[in-house]
Amino acid sequence: MMDGVGDVASPDATSMAREQVVTPWDVEGAEGGGIDYAKLVRDFGCSTIDAAMIERVERVTGTRAHPFLRRGQFFAHRELDLILDAYERGEKFYLYTGRGPSSESLHLGHLIPFQFTKWLQDAFKVPLVIQLTDDEKFLWKDLTLEECERLARENAKDIIACGFDPKRTFIFSDVSYMSTPLYKNMMKIAKCVTLNQVKGIFGFTGESNIGQVGFPPTQAAPSFPDCFPHMFGESKTSLRCLIPCAIDQDPYFRMTRDVAPRIGGYKPALIESRFFPALKGESGKMSASDATSAIYVTDTPKEIKSKVNKYAFSGGQQTVEEHRRLGGNLDTDISWKWLNFFLDDDEELAKIGEEYSSGRMLSGEIKAKLIDVLIPICTGHQEARARVTDEDIEQFFSTKPRVFASLFGDMGDVAGALDEATIANTKPGVAIGAPTDAKIEKKGLEKAQTGEDGGAISKSQLKKQLKEQQIAAKKAAKAAEKAAGQAS
Ligand code: TRP
């Protein structure tokens with residue numbers, strides 16, 4: 001199945017000035033309107049997440065869905081159903097997300113994918129890789145490469161402050177992680193994509209610099225587990241990949257999914273969010289460079305209070321009398337929208353919606369409620385970030401081989417407590433106990449993935465393959481457990 005590479009209209013055409021533009025670098029609603037998400041899903045060719053799928057996530061993980069999922073902020077996907085199928089069969093997957101480090105101070109919108117990814121990591125008990133695209137920001141912004149590298153490390157503190165499990169999480173910056181199999185995968189991907197294709201997918205023009213034109217494989221490559229031998233071993237099919245991201249990143253992964261079978265990998269699955277609306281109103285995503293459109297995670301309670309009161313777009317009426325009579329407009333009110341993101345309590349949220357839309361609650365009152373919710377989020381983040389030490393950062397960035405089995409489920413910490421035989425059988429720099437190509441029976445998988453012959457893998461092939469994977473995983477887990485037992 002094609003993922004629609006090339007069939008997205010070029011976003012730079014002047015004739016489309018009135019249409020919405022959504023690329024990884026540009027998000028603008030159609031003239032006079034917000035983002036039309038239904039159109040986006042149609043144009044991009046992804047699917048929407050329905051109630052049944054959310055229920056299935058809850059059933060499979062035994063965890064109540066995160067509010068971002070329950071309330072439709074993460075609303076679209078590609079092959080999330082396949083990930084859930086595989087997970088139920090006992091197959092493993094990893095999460096991949098990232099951030100372009102373009103500024104020192106993150107705003108609340110930047111935290112959303114990370115908060116959600118943290119929830120996914122905890123719910124599924126899976127490993128995670130986080131890419132910091134310091135190279136991307138250098139190519140697109142007026143910043144030195146050294147400054148981008150510095151920002152990557154600063155932003156890593158904010159990311160770590162979201163509470164990721166250091167044992168299951170690897171953070172890397174492109175500039176510092178490039179001389180690894182990441183580069184090999186980039187080359188393989190790059191060879192499969194033509195200039196005409198990236199022009200179509202990303203809207204590059206003759207004026208784009210060649211670093212920009214050549215960048216997409218960099219963000220595509222981490223979708224393949226062999227970019228991270230110290231985490232996942234050297235096989236391209238040891239794991240499936242699920243990518244939580246905002247929907248503006250979809251073009252990268254549309255391209256990746258198209259290339260995946262040609263380089264022998266799984267197509268990454270996606271779970272995609274809407275944009276976090278700006279304080280001043282919804283038409284695009286919140287910009288970090290407009291101080292009045294954003295609440296920064298570094299803002300003080302006083303700043304939060306004054307910004308919300310001054311700038312938060314209100315769906316309230318002109319006068320109190322009119323407001324009591326007509327009620328507030330939930331479709332445009334930013335305080336309401338933000339409460340939908342950040343107020344966990346469903347009942348309280350529903351009550352606020354009712355009170356405000358009926359006019360019993362005034363604009364100033366809903367703003368006061370939002371201020372109450374935002375202050376502890378920001379101060380909590382500031383405290384967590386202040387606790388992040390240099391050693392913490394080193395741990396997340398470390399490329400020391402990890403114990404494959406300990407990245408999943410409730411394996412606990414078995415690293416550093418392995419028997420000599422297990423260690424002796426492991427290549428330097430490669431995760432201990434990671435599945436190898438031979439064990440996964442590459443041939444069958446490649447056939448299933450490529451779809452080159454149009455045929456899916458046979459049931460018996462699949463069974464055999466699964467069995468072998470399970471045996472390999474069990475062996476590794478046993479060895480690790482035994483080693484942990486010996487050490488204690
Ligand atoms: N391009 C993204 C940004 O500018 C960063 C990024 C890299 C990313 N890899 C990713 C985002 C994977 C989501 C998923 O913020």
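**A buried aspartate and the ligand shell**

Asp-226 sits in the loop joining helix H12 (216-220) to helix H13 (229-232). Helices are DSSP runs of H or I with at least four residues, strands are runs of E with at least two, and both are numbered from the N terminus. This is a predicted model: local features need pLDDT of at least 70, side-chain atom pairs count only at pLDDT 80 or more, and totals for chains, interfaces and linings use all residues. Residues are numbered from 1 along each chain as its sequence is written, and side-chain values use heavy atoms, with hydrogens and water left out.

Asp-226 counts as buried because its relative accessibility is 12%; buried means under 20% relative accessible area (1.4 Å probe, protein chains only). Beyond its neighbours within four places in sequence, Asp-226 is in contact with Pro-181, Asn-185, Gly-233, Glu-234, Ser-235 and Lys-236. Contact means heavy atoms within 4.5 Å.

For Gln-131, a side-chain N or O atom is 2.9 Å from a nitrogen atom of the ligand. Lys-137 places a polar side-chain atom 3.5 Å from a ligand oxygen.

How values were computed: Polar contact = N/O pair within 3.5 Å; in protein donor to acceptor, adjacent residues only side chain to side chain. Buried < 20%, exposed > 50% of the residue type's maximum accessible area, 1.4 Å probe, protein only.
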